[in-house]
Amino acid sequence: MATMSEEKAAMARARLKKHFDVPSSEHQDRWVDLWNAGDFLPWDRQLPSPALNDLLDQRKDLIGGCFVEDEARTGTKRRKRALVPGCGAGYDVLLLASHGYDAYGLEVSEKAVQRCLEEQKANGHKYPVKDEAAGAGSCTFLKGDYFDNAWSKKTTVEGTFEFIYDYTFFCALDVSMRPAWALRASQLLSRKPEGLLICLEYPLGKDPKTGGPPFGLTSQTYVEHLKHPGEDIPYNEAGDVEERSTSQPSSEALERIDHWQAERSHQIGQGKDSVSVWRHK
């Protein structure tokens, strides 16, 4: 028998699916509508991603520190720039800043950006500096279309980031948008050795045929799209991506350098979510 929380989650998924039962070209406006209404935000977990928290705390061997050599290569260092596309209320952005990153949160709605600023003002004190020697980084919340260059040109000289965290952004996109997502991720990720794309893979195990958002996927979905950014990837009748083990990566490809099941995640993905880490080849 389903519990009350399971029934509530099922009702939320059904409502969300109905809301997005329009052509994918209209999905962005539908996200804006949800933010403007403000009474149905089922993705808001009220706290940062536990998996991201654990990564920042426990995997310095993999992600390094929060500083990188500046573009002029003068020997001086600057803070790494981190991006959270589809950042919601900004919890993960605030967490990254507390670890010393200059963190940017991107949302499609002005209302969402306002919500981020409200969260920062009301609860910023809940994100203490993790390393006093490194200090805190900055938080910047931006309204913009992930696939457009206008917002990224406002952030840095290069418009690239050393750290990109994707949790519920990829899975929120219609399947037809996945090639463009992968190409944009490759373009936004710094080609420095320190440039890392972190994907919290969700919702693993969800039947792709049930639709979304969030749309069901597998770990191989990330592999195939990031191996061939911008290219159409074949899917089988079940809605799963087809593995192409003999295909050669494209020039924009990202390679997976680590992959594990998250020890902790939000309740909805606990015991199922995986973390994958990517960089330019």
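User: In which loop is Pro 214 found?
Analyst: This is a predicted model, where local features need pLDDT of at least 70 and side-chain atom pairs count only at pLDDT 80 or more, while totals for chains, interfaces and linings use all residues. Residues are numbered from 1 along each chain as its sequence is written, and side-chain values use heavy atoms, with hydrogens and water left out. Helices (H or I, at least four residues) and strands (E, at least two) are DSSP runs, numbered from the N terminus. Pro 214 sits in the loop between β7 and α8.

User: Is the peptide bond from Pro 213 to Pro 214 cis or trans, and what is omega?
Analyst: Most peptide bonds are trans. Gly 212 and Pro 213 are joined by a cis bond, with omega about 5°. Pro 213 also lies in the loop between β7 (196-201) and α8. The bond from Pro 213 to Pro 214 is cis, with omega near -5°.

User: Which residues of α8 make the contact with α7?
Analyst: Helix α7 (residues 178-188) and helix α8 (residues 219-227) pack at about 65°, with axes 8 Å apart. Axes are lines fitted to C-alpha atoms, for helices over the stretch in contact, and angles run from 0 to 180 degrees between N-to-C directions. Contact means heavy atoms within 4.5 Å. From α7 come Arg 178, Pro 179, Trp 181 and Ala 182; from α8 come Thr 221, Tyr 222, His 225 and Leu 226.

User: How many residues of this contact are nonpolar?
Analyst: Ala, Val, Leu, Ile, Met, Phe, Trp, Tyr, Cys and Pro count as nonpolar, Asp, Glu, Lys and Arg as charged, and the others, Gly among them, as polar. In the contact of α7 with α8, two residues are polar and one is charged; the nonpolar ones number five.

User: Is Gln 46 buried or exposed?
Analyst: Gln 46 lies in the loop between α2 (27-37) and α3 (50-58). Its phi is positive, near 70°. Buried means under 20% relative accessible area, exposed over 50%, partly exposed in between (1.4 Å probe, protein chains only). Gln 46 has 57% relative accessibility, so it counts as exposed.

User: What radius of gyration does the protein chain have?
Analyst: The radius is taken over C-alpha atoms, and the globule rule is 2.2 Å times the number of residues to the power 0.38. For 281 residues, a compact globule would have a radius near 19 Å; the chain agrees, with 18 Å.

User: How many helices and strands does the protein chain have?
Analyst: Buried residues make up 50% of the 281 residues. The chain's secondary structure comprises eight helices and nine strands.
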